Amino acid sequence: LIMIKNDLDKILGFYEPGVLHLRINTDENIFDLNSLISINPELFSTFLHEYIHFLQNITTTFGLFQTSFYINYIKDLNKTVLKLDSNLFETPVKLNDDFYSNTNLQLLNLYNGDNNPIDYIKYDYYIEEPIEFIDNEDNKFYPLKYKVFYYNKKGKSLNFHFGATCIKEYVAHAIQSDYQHNVSHPDVPYLVAELIVQKEYPAIGSSKRIMIALCDISLMAYDPARQFFAILKELKNSNYVPKNENDLIVFVKKQLKFVNKNGTTSQNELFEATQKQVISHLNDALKSKIFAKDLAWLIHILKNAYEIRIDDPNFMNKFIEEPTKLSLYFLDLFKKLGSPFYSNINFESGYVPPRDTVFASQPYMLLVFKQILNVYNGGLKCKLYDFCLKSNEEIVNNHCISAPWKRTKLDGKCPFIQFWITWGLENKSPYDKN
């Protein structure tokens, strides 16, 4: 997820769901977060914004669903390559949807919605548009696309696709603006959730705390936009106005259930099942002993994230004590979870382990998934080259720039090759038919 400053129209930072990487686009050294808080609170507020996205990745059902999809997608690419009789495979690798990855990718894009920034909108209305999907067994189903109609500054009626991106960005924006009041963002994707509620159910649209809770609860589903509008409909139909965010959480828990082929599932049951699925995928992807510490770290923070979510569903509203001052609750949460791998534009990086002394030996390792995906898409250079060069010059060479999979023939195992070998790809090489 990207954060854009309204007056500069410039990406200030982003968080990469599924690979646990937080990036701040500055050349300042951000390794020491305590110093960053005191010396540059504006830059730290960007870090905080992206850290909220990290929390959404590990404490919400949708965030876990993204991670599950990402790991499965790469595993399906691996399976496709390993099934080939030849040791050469053509790029980009094409999936035939045997494992539903193409269908799931289309669904994930539908659930995410648009993320292109729009400075100003005057919200008008929304519609639900059924989108036909056909899986590899020719089964048809019709998830909904939520199209939001609005007027721009010139009074022209336009529309965009509202989804999880807008819901996530509202929460991150709202918390960041509590920490630093002069934060300015475009209406889309950062403020549109609030603009919708102020017209669709104005009784709660003026409460930032209720809005944070509404959006956070919406992320406890695979399709957050559907959950978002379902909650608003249920509030309207019940003519119920929650007094505060805790009232809303209790209302949603009582009124909304998820229906599947096995019956109904509660919000917490779906969250728990999705987390177990992610842990199973991680155990499979990181089964080599070389990843033991990293796997232990990931499972540890996921279990801590589960406890945080179940113990207090309103935890997202407890991070800021006053402007530029984090709450004791947030500081304790940060100690419990630590941080993801984070870096600046020069790939000067940092990582804060959780206080329970569960250390990752390679907290950047999930970024390697991206590099292997890049190879499957026809890329040549491993984009971790600059990071590895800064960290340990001995593990880099010319193959990193032109053919990282050839590192299997060399001494010294780089992070890319650790995965390439673990996944049984050591004898496989890509080629581009063009």
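This is a predicted model: local features need pLDDT of at least 70, side-chain atom pairs count only at pLDDT 80 or more; totals for chains, interfaces and linings use all residues.
**Entry 1**

I started with Phe62, which is buried, with a relative accessible area of 0%. I then looked up Phe65, which at 14% relative accessibility counts as buried. Phe62 and Phe65 both sit in helix 3, three residues apart, or about one turn of the helix.

How many aromatic pairs does a search of the whole structure find? I got 40 of them. For Phe62 and Phe65, the ring centres are 6.2 Å apart and the planes stand at 45°, so I logged the pair as tilted.

Next I turned to Phe341 and Tyr364, an aromatic pair with 5.9 Å from centre to centre and 65° between the planes, which makes it edge-to-face. Phe341 belongs to strand 14 (residues 341-343) and Tyr364 to the loop between strand 15 and helix 15, so this pair ties together parts that are 23 residues apart in sequence. Are these two buried or exposed? Phe341 is buried, at a relative accessible area of 3%. Tyr364 is buried too, at 16%.

**Entry 1: the core**

I wanted to know which residues of the largest nonpolar core touch the most other members. The core has 134 residues, and the answer is Tyr51, Phe160, Phe162, Phe228, Leu286, Phe369 and Trp420. Helix 3 (residues 61-82) supplies the largest share of this core, with 10 residues.

Setting aside its neighbours within four places in sequence, I found Phe160 in contact with Asp114, Ile118, Ile121, Tyr146, Lys147, Val148, Tyr150, Cys166, Val188 and Val192.

**Entry 2: salt bridges**

The structure holds 17 salt bridges, and I checked three of them.

The side chains of Glu200 and Lys236 meet at 2.9 Å, N to O. Glu200 lies in helix 7 (residues 192-200) and Lys236 in helix 10 (residues 224-238), so the bridge ties together parts that are 36 residues apart in sequence. Glu200 is buried at 17% relative accessible area, whereas Lys236 is partly exposed at 39%.

Arg355 and Asp332 form a salt bridge at 2.7 Å, N to O. Arg355 is in the loop between strand 15 (349-350) and helix 15 (367-376), while Asp332 is in helix 14 (residues 328-337); the two are 23 residues apart, and the pair links distant parts of the chain. I noted both as partly exposed: Arg355 at 44% relative accessibility, Asp332 with a relative accessible area of 38%.

Asp284 and Lys287 meet at 3.9 Å, N to O. Asp284 counts as partly exposed at 33% relative accessibility, and Lys287 as exposed at 58%. What joins Lys75 to these two? Salt bridges that share partners bring Lys75, Asp284 and Lys287 into one network.

**Entry 3: helix 4**

At 1.5 Å a residue its 12 residues should span 16 Å, and the end C-alpha atoms are 16 Å apart, so the two agree.

The buried residues I listed in helix 4 are Ser101, Thr103, Leu107, Leu108, Leu110, Tyr111 and Asn112. Their cover includes helix 3, strand 6 (133-134), strand 7 (140-141), strand 8 (144-151), strand 9 (157-162) and helix 5 (164-179). Just after helix 4, I found Gly113 with a positive phi of about 75°.

**Entry 4: helix 18**

Why call helix 18 (residues 415-422) largely enclosed by the rest of the structure? Seven of its eight residues are buried, and that is the reason I wrote down. The seven are Pro415, Phe416, Ile417, Gln418, Phe419, Trp420 and Thr422. Among them is Trp420, which I had already met in the core entry.

I looked up what covers these buried residues, and the list includes strand 4 (88-91), helix 12 (267-285), helix 15 and helix 16 (385-391). Just after helix 18, Gly424 takes a positive phi of about 75°.

Definitions and conventions:
Residues are numbered from 1 along each chain as its sequence is written. Side-chain values use heavy atoms; hydrogens and water are left out. A nonpolar core is a set of buried Ala, Val, Leu, Ile, Met, Phe, Trp, Tyr and Cys residues joined through side-chain atoms within 4.5 Å. Buried means under 20% relative accessible area, exposed over 50%, partly exposed in between (1.4 Å probe, protein chains only). Helices (H or I, at least four residues) and strands (E, at least two) are DSSP runs, numbered from the N terminus. Contact means heavy atoms within 4.5 Å. A salt bridge is a side-chain nitrogen of Lys or Arg within 4 Å of a carboxyl oxygen of Asp or Glu. The expected span of a helix is 1.5 Å times one less than its number of residues. Rings of Phe, Tyr and Trp (its six-membered ring) pair if their centres lie within 6.5 Å; planes under 30 degrees apart count as stacked, over 60 as edge-to-face and the rest as tilted.
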